[in-house]
Amino acid sequence: MNSTDYTPPKIWTWDKPNGGNFAGINRPTAGSRVQQDMPVGRHPLQLYSMGTPNGVKVTIMLEELLSLGHAGAEYDAWLIKISDGGQFGSGFVDLNPNSKIPVLMDRSVSHPIRVFESGSILMYLAEKFNVFLPKDLHARTETLNWLFWQMSSAPYLGGGFGHFYAYAPVKIEYAIDRFAMEVKRQLDVLDQHLAKNEYLAGNEYTIADMAVFPWYGGLVKGWLYSAAEFLSVHEYQHVNRWADTLYARPAVKRGRMVNQLRGELSEQLHERHEASDFDTQTQDKLVK
Ligand SMILES: N[C@@H](CCC(=O)N[C@@H](CS)C(=O)NCC(=O)O)C(=O)O
């Protein structure tokens with residue numbers, strides 16, 4: 001494939017995977033592809049996820065809730081391997097017709113509630129446990145401003161920059177330039193804001209921080225797309241300061257390990273069913 005010799009046909013049709021990462025599982029249609037029931041553990045909350053930035057937002061929140069003593073936030077975290085197509089099983093699609101991790105099932109209520117979209121899950125948990133979403137109208141609105149900012153901005157970072165810089169089968173200068181510019185602009189938005197605020201919503205740690213950290217915190221920490229040098233992330237000193245503050249939190253460290261398939265083996269807990277899994281985590285316990 002050459003980026004300069006393509007003329008779009010009159011009508012687009014899909015006939016074959018295009019060679020990029022994940023091309024083998026991408027199709028232009030929705031719905032389940034195989035019959036597959038979802039496992040259910042013994043805890044009130046069942047999470048079906050993977051340790052990507054969108055998945056990690058939720059496990060950080062659950063670990064923060066547990067660290068505050070909310071026993072109702074006990075959860076089973078089941079690993080959905082998206083590169084193997086686990087999101088297209090019939091049981092998963094029943095929980096999220098959009099076939100994306102993360103998905104949460106709240107089985108503590110008489111009619112279990114499905115929650116999909118990571119921002120919706122964070123809001124659901126914050127409202128259920130009455131924490132990490134301030135009551136004061138100003139602070140609450142500011143939290144939601146940044147939460148929704150993250151939901152709409154990160155696709156430029158992941159689907160745009162990350163895809164064309166790290167995953168696409170060809171390096172297209174135009175696409176990489178366009179999305180690198182936008183991601184640097186987003187980092188500057190955060191940097192200017194965090195120069196004046198300890199956390200995103202002001203002086204309180206909220207679900208907005210939990211949503212933004214795995215993406216933009218991960219980027220400045222060098223966890224995403226091996227792009228730290230390319231994007232000169234050291235320039236964003238206030239984002240770095242904020243990311244270090246968050247990563248010093250034990251719940252954030254634990255949340256980052258759950259359903260994680262990347263990085264050091266000692267930082268991967270493929271499934272989490274008990275709090276003690278973090279202590280007893282060994283290579284033998286990793287789900288293959
Ligand atoms: N807006 C969604 C995005 C979820 C999403 O894109 N999940 C990715 C992993 S980070 C996924 O499941 N991809 C599988 C696929 O596209 O088939 C959210 O925040 O929950």
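How many of the 5 residues of β2 are buried? The count is 5 of 5, and β2 is mostly covered. This is a predicted model.

**Sheet layout**

- Four strands form an open sheet in the order β2-β1-β3-β4, and their pairing is mixed.
- β2 (75–79) and β4 (113–116) are the edge strands, each pairing on one side only.
- From one strand to the next, the twist averages 20 degrees.
- Helix α1 (residues 53–67) packs on this sheet and touches β1, β2 and β3. Its direction makes about 155 degrees with that of β1.

**Strand pairing around β1**

- β1 and β2 run in the parallel sense, paired over 5 bridges.
- Within this pair, L47 stands opposite A77 in β2. S49 stands opposite L79 in β2.
- β1 (residues 45–49) also pairs with β3 (residues 103–106). Here the strands run antiparallel and 4 bridges join them.
- Q46 has M105 as its bridge partner in β3.

- Why is β1 described as largely enclosed by the rest of the structure? Because 5 of its 5 residues are buried.
- L45, L47 and S49 point one way from β1, while Q46 and Y48 point the other way. All of these residues are buried.
- In β2, Y75, A77 and L79 point one way. D76 and W78 point the other way, and again all are buried.
- Both L47 of β1 and the A77 that stands opposite in β2 are therefore buried, by the cut-off of 20 or more other C-beta atoms within 10 Å.

- Two backbone features fall among the shell residues. The peptide bond from I101 to P102 is cis, with omega near 0 degrees. S99 has a positive phi of about 50 degrees, although S99 is not a glycine.
- P102 lies in the loop between α2 (90–95) and β3. S99 is found in the loop between α2 and β3 as well.
- Is S99 buried or exposed? S99 is buried, because 22 other C-beta atoms lie within 10 Å and the cut-off is 20 or more.

**Helix pair α6 and α7**

- Two packed helices are described by the angle between their axes and the distance between the axes.
- Helix α6 (residues 207–220) and helix α7 (residues 237–247) pack at an angle of about 115 degrees. Their axes are 10 Å apart.
- The crossing of α6 and α7 is left-handed.
- From α6, the contact uses D209, F213, Y216, G217 and V220. From α7, V239, N240, A243 and L246 take part.
- The contact of α6 with α7 has 6 nonpolar, 2 polar and 1 charged residues.

**N259 in the α8–α9 loop**

- N259 lies in the loop between α8 (250–257) and α9.
- Its phi is near 60 degrees, a positive value in a residue other than glycine.
- N259 counts as buried because 29 C-beta neighbours lie inside 10 Å.

**F278 in helix α9**

- Helix α9 (residues 277–280) holds F278.
- Which residues does F278 contact, leaving aside its neighbours within four places in sequence? F278 is in contact with R254, M257 and L269.
- F278 and S266 are 12 residues apart in sequence. In space they are 9.8 Å apart, C-alpha to C-alpha.
- F278 counts as partly exposed because it has 15 C-beta neighbours inside 10 Å.

Definitions and conventions. Residues numbered from 1 in each chain as written. Predicted model: local features only at pLDDT ≥ 70, side-chain atom pairs only at ≥ 80, totals over all residues. Pairing = 2+ DSSP bridges. Helix = DSSP H or I, 4+ residues; strand = E, 2+ residues; numbered from the N terminus. Axes fitted to C-alpha atoms, helices over the stretch in contact; angles between N-to-C directions. Contact = placed C-beta atoms within 7 Å. Buried ≥ 20, exposed ≤ 12 C-beta atoms within 10 Å, placed from the backbone. Left-handed = near helix turned anticlockwise from the far one by under 90°. Nonpolar A, V, L, I, M, F, W, Y, C, P; charged D, E, K, R; others polar.
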